Amino acid sequence: MRIENKEPLNAIETTRYELPELAPNTAPTKTQLQQAYISSHYLRGRLQNLALLDKFGKNAWLVGNAQLEDILREVEKELVEVRESVEAVNRERKERQEAGRGEMEGLDQAWRVGVGRVVEVELEIANLEERRRRMLREGARAGG
């Protein structure tokens, strides 16, 4: 939202490092002198840091890049090892599934046959019960 509105980033208060404006032909106040001292001290430190950066920054950057490249190589090596491990696990899983396929098909077929037999038995029971009821009705008619 800040970027869309093109507003500056105000994360650090920098006004205390700015030199105050003095009215012409007036003596600076104690507060203004303190602010000037703080600003001077800050700018001196910043110049020292920039000088150090100019002197050692390139080497520090190159060393940092070399360290990052080493880390990247280690991570890529670990990634390859993990991928190989995942492939080995998947291969083993597939082999086990293929090895168990015949047994699973046999069990599935036996289950289907068993269910078929249960259905046949239930149908036969229903037929027998119907015959028994019919015989009871016929016996009741003949006897009655």
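Residues are classed here as buried under 20% relative accessible area, exposed over 50% and partly exposed in between, with a 1.4 Å probe and protein chains only. By these limits E81 is partly exposed, with a relative accessible area of 45%. The structure is a predicted model, in which local features need pLDDT of at least 70 and side-chain atom pairs count only at pLDDT 80 or more, while totals for chains, interfaces and linings use all residues. Residues are numbered from 1 along each chain as its sequence is written, and side-chain values use heavy atoms, with hydrogens and water left out.

The protein chain contains 1 helix and 0 strands, where helices (H or I, at least four residues) and strands (E, at least two) are DSSP runs numbered from the N terminus. Its radius of gyration is 46 Å, well over the 15 Å that the globule rule gives for 144 residues, so the chain is more spread out than a compact globule. The radius is taken over C-alpha atoms, and the globule rule is 2.2 Å times the number of residues to the power 0.38. Along its principal axes the C-alpha trace spans about 140 × 45 × 25 Å. Of the 144 residues, 2% count as buried. The chain exposes about 13,800 Å², of which carbon and sulfur atoms supply 57%; accessible areas come from the Shrake-Rupley method with a 1.4 Å probe, and for residues only the protein chains shown count as cover.

Two surface patches are described next. Patches are made of residues with over 30% relative accessible area and no salt bridge, like charges being joined within 9 Å and nonpolar side chains (Val, Leu, Ile, Met, Phe, Trp, Tyr) within 5 Å. A patch of negative charge on the surface is formed by E74, E78, E81, E84 and E87. Of these residues, E81 is found in helix α1, which covers residues 30-143. W111, V115, V119 and L123 make a nonpolar surface patch of about 400 Å². L123 is likewise found in helix α1, and this residue is exposed, with a relative accessible area of 53%.

Side chains of opposite charge can pair when their charged atoms come close. The structure holds 6 salt bridges, a salt bridge being a side-chain nitrogen of Lys or Arg within 4 Å of a carboxyl oxygen of Asp or Glu. One of them joins the side chains of D70 and R73, at 2.4 Å from N to O. These two residues are 3 residues apart in helix α1 and therefore separated by about one helical turn. Both partners count as partly exposed, D70 at 37% relative accessibility and R73 at 48%.

A salt bridge also links R112 to D108, whose closest N and O atoms are 3.0 Å apart. R112 and D108 both lie in helix α1, 4 residues apart, about one turn of the helix. D108 counts as partly exposed, at 34% relative accessibility. The side chains of R137 and E130 meet in a salt bridge as well, at 3.5 Å from N to O. R137 is partly exposed, with a relative accessible area of 42%, and E130 is partly exposed at 30%. Salt bridges that share partners join E130, R133 and R137 into one network.

The segment before α1 includes K6 and P8. Most residues other than glycine have a negative phi. Phi of K6, however, is near 55°, a positive value in a residue other than glycine. K6 is exposed, with a relative accessible area of 76%, and P8 counts as exposed at 58% relative accessibility. P8 and L123 are 115 residues apart in sequence, and their C-alpha atoms are 85 Å apart in space.

Definitions and conventions. Lys, Arg positive; Asp, Glu negative; His and termini not counted. Charge placed at Lys NZ, Arg CZ, Asp CG, Glu CD.
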